[in-house]
Amino acid sequence: MNFSSGVTEELSAGLFKKVSNYRYKLFVTTLGWQLKTQNDMELDQFDRPDTVYVVAQDENGQVNGCARLLPTNRPYLLGEVFPQLLNGLPPPNTPDVWELSRFAAMDFNNQTSSALGQFSSPLAIQLLQESVTCASEHGAKRLITVSPIGVERLLRRAGFQAHRAGPPMIVDGHPIFACWIETNTSLKI
Amino acid sequence: MLPVSIDGYIRLSFAKLQAVSLVHLISGLDENSPAVTPSAAIATEITGYTEWVNTSIPTITIGWDWQMNAAHNHILPRRINEPRSNIMLIDSTGRDIGPMKTMIMLEALIDELDWPIVVRNHIDIRYGK
């Protein structure tokens, strides 16, 4: 497994497009999320030149996981789209807190991998650890994420201390929530 | 009104928490992530999640996983794994007791709730008995 990270121009040639295609295939085609797309790519207003990506690739160079990192002192998904998940608190606005979004760890070339089980695989745990490390290297002391509630199990399995920022909101029958993740402490369970 | 701290936690004593009335929000079968590892899963066992909240703002949220033997209609779900929440319990001096101890106390609270029948009925209705 190979991991790459950086802003768009720091990723190797063509990798950003591969990530956009991967996100389209997973979030739009497989999971049916209603997202902005263009030419089989899933991109939104938070995919900017300063956005940091963490990408997992298999031995053949195929993308099998990705994550998106944004500092909360610039526009980010939770702050702009889902502030109601913060239980009445204002969205964080500091370079010390980064948002983790578009986290995905499904290997389309592995028949045992599935969208439904993507939060439980060793790949997911490794990608999460790489993402938190990457955010820390950019100055994050804490992360916040808006995710399906299944990500809590992944956080526990990966050894991270995390807690809810507020109650889940039901979207299309599925609960999503905001979650704080500590970068400097671990809770081995 | 319960205060919510800047770190997202609602801090309160266990006695205060016991006085909070929790209501069922949603329960479901596992879709995004199994609650047990494949090696531990038994074919007739189904797993899922349940979410409970209080009815005031800011809102207390507690969620936990459950497991149930699908082959027996009369069997109720039982809690598995640790609960997840936005609660940090405090001691008599007002200090945090920490996430691990809070989790253990939440388990005790959940196990006193009459949740299994509520979840079972919800699952039966949501997914069709």
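A disulfide is a pair of cysteine sulfur atoms within 2.5 Å. By that criterion the predicted model holds zero disulfides over all chains. Two cysteines of chain A illustrate the point. The sulfur of Cys134(A) has its closest cysteine sulfur in Cys66(A), 13 Å away, which is too far for a bond. Cys66(A) is buried, with a relative accessible area of 1%. Cys134(A) is buried too, at 3%.

The overall form of chain A was examined next. Its secondary structure comes to four helices and ten strands. Along the sequence these elements follow the pattern β-α-β-β-β-β-α-β-α-β-α-β-β-β. The C-alpha trace of chain A spans about 45 × 35 × 35 Å along its principal axes. The radius of gyration of chain A is 15 Å; a compact globule with 189 residues would have a value near 16 Å, so the two agree. Of the 189 residues of chain A, 57% count as buried. Contacts in chain A also reach across the sequence. Among those with a separation of 6 or more, 68% come from residues 24 or more positions apart.

Val52(A), Val54(A) and Ala56(A) point one way. Tyr53(A), Val55(A) and Gln57(A) point the other way, and all of these residues are buried.

Strand 4 of chain A has pairing partners in strand 1 and strand 5 of chain A. Strand 1, residues 2-7, pairs with strand 4 in the antiparallel sense over six bridges. Within strand 4 of chain A, Val55(A) stands opposite Ser4(A). Strand 5, residues 63-71, also pairs with strand 4 in the antiparallel sense, over six bridges. Here Tyr53(A) has Arg68(A) in strand 5 as its bridge partner. Strands 4 and 5 of chain A form a hairpin with five residues between them. In the turn, Gly61(A) has a positive phi of about 85 degrees.

Charged pairs were examined within chain A and between the chains. Side chains of opposite charge can pair when their charged atoms come close. The structure holds 23 salt bridges over all chains. One of them joins the side chains of Arg68(A) and Asp47(A), at 3.2 Å from N to O. Arg68(A) lies in strand 5 of chain A, and Asp47(A) in the loop between strand 3 (41-42) and strand 4 of chain A, so the pair ties together parts that are 21 residues apart in sequence. Arg68(A) counts as buried because its relative accessibility is 0%. Asp47(A), at 16% relative accessibility, counts as buried as well.

Other salt bridges cross between the chains. Arg156(A) forms one with Glu82(B), the closest N and O atoms being 3.9 Å apart. Arg156(A) lies in helix 4 (residues 151-157) of chain A and Glu82(B) in strand 5 (residues 78-85) of chain B, so this pair joins two chains. Arg156(A) counts as buried at 13% relative accessibility, whereas Glu82(B) is partly exposed, with a relative accessible area of 23%.

A further salt bridge links the side chains of Arg164(A) and Glu51(B), at 2.6 Å from N to O. Arg164(A) belongs to strand 8 (residues 160-164) of chain A and Glu51(B) to strand 3 (residues 45-53) of chain B, so this pair too joins two chains. Both Arg164(A) and Glu51(B) are buried. They belong to one network of salt bridges that share partners, together with Glu152(A), Arg153(A), Asp30(B), Asp65(B) and Arg84(B).

Among the elements of chain B, strand 3 has the lowest mean pLDDT, 93. The highest mean, 98, belongs to strand 6 (residues 87-89) of chain B.

Methods. Residues are numbered from 1 along each chain as its sequence is written. Chains are lettered from A and ligands numbered from 1 in the order in which they are written. This is a predicted model: local features need pLDDT of at least 70, side-chain atom pairs count only at pLDDT 80 or more; totals for chains, interfaces and linings use all residues. Side-chain values use heavy atoms; hydrogens and water are left out. Buried means under 20% relative accessible area, exposed over 50%, partly exposed in between (1.4 Å probe, protein chains only). Two strands pair if DSSP finds at least two bridges between them. A salt bridge is a side-chain nitrogen of Lys or Arg within 4 Å of a carboxyl oxygen of Asp or Glu. pLDDT is the predictor's confidence in each residue, from 0 to 100. The radius of gyration is taken over C-alpha atoms; the globule rule is 2.2 Å times the number of residues to the power 0.38. Contact means heavy atoms within 4.5 Å.
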